[in-house]
Structure formats: C-alpha cells, structure tokens
Amino acid sequence: MLTVATAALELGLVYSLTVLALFLSYSMLNVCDLSTDGCFTLGAAVGAVVAVSGHPGLSLVAAMAAGVLSGFVTALLQTKMGINSLLAGIIVNVGLYSVNMAVLGGSPNINMNKTTTIFSTVKSLLADTPLAPFSDILVGAVAAALVIAFLSLFLNTRLGLSIRATGDNPDMVRSSSVNPAFTTIVGLCVSNAFTGLSGCLLGQMQKSMDVNIGQGVVTIALASLLIGSTLLGRGPIPLRAFGMVVGAFIFRLVYAIALRLHMPAFMLKLVSSVIVVLALSIPYLKGQWPVLKRRLAYRSAVRKEGR
Amino acid sequence: MLELTHVSKTFNPGTVNEKKALIDLSLHLDPGDFVTIIGSNGAGKSTLFNAIAGDFMADSGSIVLDGKDITFLPSHKRSKDIGRLFQDPMRGSAPHMTIEENLALAAGSGGWFSHLTAADRTRFRDQLALLDMGLEDRMRQPVGLLSGGQRQALTLLMATFCPPKLLLLDEHTAALDPATAEKVLAITKSVVEGNRITTLMVTHNMHQALEMGNRTLMMNAGGIVLDVSGEQRAKMTVADLLAQFKLGAGKDLDNDRILLS
C-alpha cells in the first residue's frame, strides 16, 4: 500500500504542475486551453533532447521556454486573430504534433536510461542518506512548492490581479486601462511554461519519453483541478493552489488503487473523462433537479385526476 | 473639455437591420459641465456613450477630449481619462475578487509587479467610509456578496478613484430601489462636484434631468434635438421640457420607462 501511495505521490507532484497551469488558465483566465496535451509533449521532447545532449539544468529552462512560446501562439490566435479560444487550442495542439516529431528528430521516442537528469542528480546527491528512496518525490515537491509560491506572489501583483479580473469581468479590466488581450497573452505564456516543465519532469522521471506522452493530459489535469477545487476551492490563493496539488495526488491515488483492483491500465483516460463530466455536470443537474421534481409531481397529479 | 464633431454611426449598414444610431452629431462640453441627457427609446443615448468610450470607432467625425484626439484610441486607453457607470451594477466590478482587489485595479497605481500596501489599504478604507455603507469593514470579502446598490456605489468609487476628465453615467441608478438610488445619486453629486469632473448623465427621470447638473440635452433619432442651460433651464418645468421636445422632435417623447414626477 505504501508503494502505491509513493508512486501516486511521485506522479501526482509532477502532474500537479500541469494542474497549476490550468489553475491559472482555466480557473483564473477562464480560458480552456486545449493546447495543453501538445505543450506537455513539447516540454517533454525539448527537455529530453537538451538533457541527452548533456545539460540537465538547462533542459528545465528550455522546456519552460518552449512552453512560453507555445502559449504565446495560442494566445495570439485568440486575442489578435479572432479565432475562438477552444479552436485556437485545438489548432496549436495539432500543429505541435509535427513540431514535437521534429524536435525528436523524426523518431517517436527517446530513451534517457543513461542520461543525467535532475532526478538522477538528486538521487546521487542523496545516495547515502535516509531520504534516498524519496528523491523523486523531493524533486517533484520542490518544483510544486516553487510554482505555488510563484503563483501566490504573482496573482497578487497588479498584473496578476488584472489576469484574474480578465476571467471574471473583462469590461472592468478595460475600464481599469488594461488591455484584456495583453493579460490573456501573459497568462497563457506563464501557464504553458508550467505545462512544459511538467512534461519535461515526467519524461526525465520515467527515463524515457515518446510523442504520445501528453495524450489526454488536459482531461487528467482538469479532473485533478476539479477534485482539488471541490476540496479547497475557497480561500486565499496559496491554499487554492495547494488544493490543485492535493487534487492531482488524489486522482493518481484513486487510479493506482483501481489498477490494484485489476482495472486495465488503458482505462485511465475513460476514468478521467468520467470524473470531468461528473464534476462539471453535477452542479448544473443540481440546479435542474427542483424543476424536474416539480414536473414529475405535476404529471402524477394530473394523471390521478384522470385527465 | 469634450468636442464631438459630426460623429455618425450606422449599425449593420446595407442590411435589412440597418440602424442609423448617430447622425452627424456634434457636441461641445466645457470643463466642469454636468450635463443630463434624456430621450426616447433608441434615440442613441447609449450609442453616444459607447462612441465616446471607444466600444466601437465612429464611422465618421472626430472626438477630442481635453485637447487630445481620441477618435481612434482603443477603449482601454481612453478609460484612463474616462470613467463610466452602466445601468447594470454587475458590469463594473469583478465578483470573485475582493473589494480591496477591485479597488487596487481601479486605482492602478504602481508598476505591473507592485503589491497592495498598507498605505493603499488605508486610502481605500477612508474612501469606502465616505460611502457610508459599511464597506470599509468588508474589504476582504468578494464583491459578489454585495447588493446591487453597494456594488454600484463601489463602481462609482472605482471610476472616480483617480478623478477622470470625463464621467459617463448611463442610467446608473435605474436598476436600484428608490432609497438606494437616492443614496447613490447623492454620492454621485458629491464626488462630481468635489472633483469638478465633467459629466454626462443619461436619466429617464425628467425631474432629475432638470434638477441635477447645469445643462440638459434631449436626444431623438440619433441627434440632439434640444440643448438647454442657464436661465432658460432654471425656469423650466417638466411640462415645458416635454413641450420643447415635441417641438424639436416633431413627436411626443416615447420612452416606456420615463418618470414624469
């Protein structure tokens, strides 16, 4: 059971960076960024290529920079070229497949078994300490903590407030002399930097990446985000951001337990879709319930009267 | 202060839904003018405000504010000098952000990466206390929890926190209950007079149109049909105003929400 929890924590922490990215784009900016899958893969691909060439530290920065670029294009399409924001994400996502293959040099995967990565570096640093078995968790935890700290500070600056207001009431942003197009661009650049970093870390932790590593990540992250905001949806930003990490962990934990109970691994994506559907539809259906109840009662009353 | 010269705007040109919302409209405001505007349904009052605020670019003509040509300036740049309130109290503030966060955005002081300081909070608290609605003790609550009247008062404070050169009030008390409307109107008066802000106010209350401000415009079919100020206005009654409108527009004032008392 402990190994299940450990594995869930490792994966949950790494994926939580993508959840935090969606926390910025989806919860704050009110933009559902469907380029997430492609951007996650882009970060993994760039990170892997740079790490294999012998620069583990630089690989993290490069993956984030690639994410910024991808976010910039997505934002440009929707703010300056009049393309619907969902469509902009899908277009970028499709285009990124070719970009990712090009980054990987035409082969669909990269093996990093003998590559020095941030994970292998930390593992060798902690080799003879009691912390040794938890080195992967430590790397993920530090990354998540840094992103939470950054978001907590950033979202309370004037720029951060403008970004939050853009998702809440764009009219009000305009009347505060701020261009909502600008805040959308900045927000998506920052959020995609985290998505890219998330992909980079996952590839390096698993010591291999292939071009499908990001498939379905947006739904998995959205499911984690919805779990997290159900638990810690109110309150100050740091708490809500922490909730995102908790959500990512719970999602992974449930999934890992389901695997133990002999659910086939390929069910992951269906499970994440069902969670997202439930989390988004339940509030709506709850609102519809009183009307439905009244309609049923009305019908049975009419029937009783024999009309 | 504000100079509109031959401004025209047609919506959906060349279609069956073509609507000439503003027709060759010219208007000059002196600094400190407080102008009330009344008019029939679809007369172009809101279109006039949207044109001044930059929601769309006028088809022809020019708009100059305090010596600066703003004809082609996008709305977020105009908003530095133009404050604006709508009929809908929900339009002016961000519901999921706190009162102090909303005010911080409106105050707009400091660079992009500046944080709220203790000095800012004191400043906000003092200003909120002037509204006399108890908002100064709720600065960390989300704006979505406030009533319509409280939100409109807050929006007024936000729009005038850094006194703008021009304030546009588009029936900003129409959606409020009478007592709250009275209060928001009193706050409006003191803020506008205290800072000598040039103001345009659309109202459907004829009495208010004559009582507030120093000049009254009547609009009909995309143009200004009556412009009274000074002595002529001081002596005017609501009945005079209606008669004058009929003379100018060639028909009775047909605003389905008009208040004659």
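The model is a predicted one.

**Stop 1: helices H10 and H12 of chain A**

Select residues 217–232 of chain A, which form helix H10, together with residues 268–304, which form helix H12. Two packed helices are described by the angle between their axes and the distance between the axes. Here the angle is about 45° and the axes lie 8 Å apart. H10(A) is therefore oblique to H12(A), and their crossing is left-handed. To display the contact, show the side chains of A:Thr219, A:Ile220, A:Leu222, A:Ala223, A:Leu226 and A:Ile227 on H10(A). On H12(A), the partners are A:Leu268, A:Ser272, A:Ser273, A:Ile275, A:Val276, A:Ala279 and A:Leu280. Ten residues of this contact between H10(A) and H12(A) are nonpolar and three are polar, with no charged residues.

**Stop 2: helix H1 against H10**

From H1(A), the contact residues are A:Tyr15, A:Thr18, A:Val19, A:Leu22, A:Phe23, A:Tyr26 and A:Ser27. They meet A:Val217, A:Val218, A:Ala221, A:Leu222, A:Ser224 and A:Leu225 of H10(A). The contact of H1(A) with H10(A) comprises ten nonpolar, three polar and no charged residues.

**Stop 3: A:Ser162**

Next select A:Ser162, which is located in helix H7 of chain A, residues 158–168. Is A:Ser162 buried or exposed? A:Ser162 has a relative accessible area of 1% and is therefore buried. Leaving aside residues up to four places away in sequence, A:Ser162 touches A:Val173, A:Val178 and A:Thr183, as well as B:Leu105 and B:Trp112. A distance drawn from the C-alpha of A:Ser162 to that of A:Ser27 is 14 Å, for a separation of 135 residues in sequence.

**Stop 4**

A disulfide is a covalent bond between the sulfur atoms of two cysteines. How many disulfides does the whole structure have? A search over all chains finds zero. For a disulfide, the sulfur atoms would have to be within 2.5 Å. A:Cys39 is buried, at a relative accessible area of 0%, and A:Cys189 also counts as buried, at 12%.

**Stop 4: loop residues in both chains**

Most residues other than glycine have a negative phi, and most peptide bonds are trans. Select A:His262, in the loop between helix H11 (237–260) and H12 of chain A. A:His262 is not a glycine, yet its phi is positive, about 70°. This histidine, A:His262, counts as exposed because its relative accessibility is 72%.

Move to chain B and select B:Ala221, in the loop between strand S9 (215–220) and strand S10 (223–229). The phi of B:Ala221 is also positive, near 50°.

Finish at B:Pro74, in the loop between strand S5 (68–69) and helix H2 (75–78) of chain B. B:Pro74 is partly exposed, with 29% relative accessibility. Its C-alpha atom is separated by 8.4 Å from that of B:Met57, 17 residues away along the chain.

Technical notes. Residues are numbered from 1 along each chain as its sequence is written. Chains are lettered from A and ligands numbered from 1 in the order in which they are written. This is a predicted model: local features need pLDDT of at least 70, side-chain atom pairs count only at pLDDT 80 or more; totals for chains, interfaces and linings use all residues. Side-chain values use heavy atoms; hydrogens and water are left out. Helices (H or I, at least four residues) and strands (E, at least two) are DSSP runs, numbered from the N terminus. Buried means under 20% relative accessible area, exposed over 50%, partly exposed in between (1.4 Å probe, protein chains only). Axes are lines fitted to C-alpha atoms, for helices over the stretch in contact, and angles run from 0 to 180 degrees between N-to-C directions. Angles under 35 degrees count as roughly parallel, over 145 as roughly antiparallel, 65 to 115 as roughly perpendicular and the rest as oblique. A crossing is left-handed if the near helix is turned anticlockwise from the far one by less than a right angle, and right-handed if clockwise. Contact means heavy atoms within 4.5 Å. Ala, Val, Leu, Ile, Met, Phe, Trp, Tyr, Cys and Pro count as nonpolar, Asp, Glu, Lys and Arg as charged, and the others, Gly among them, as polar.
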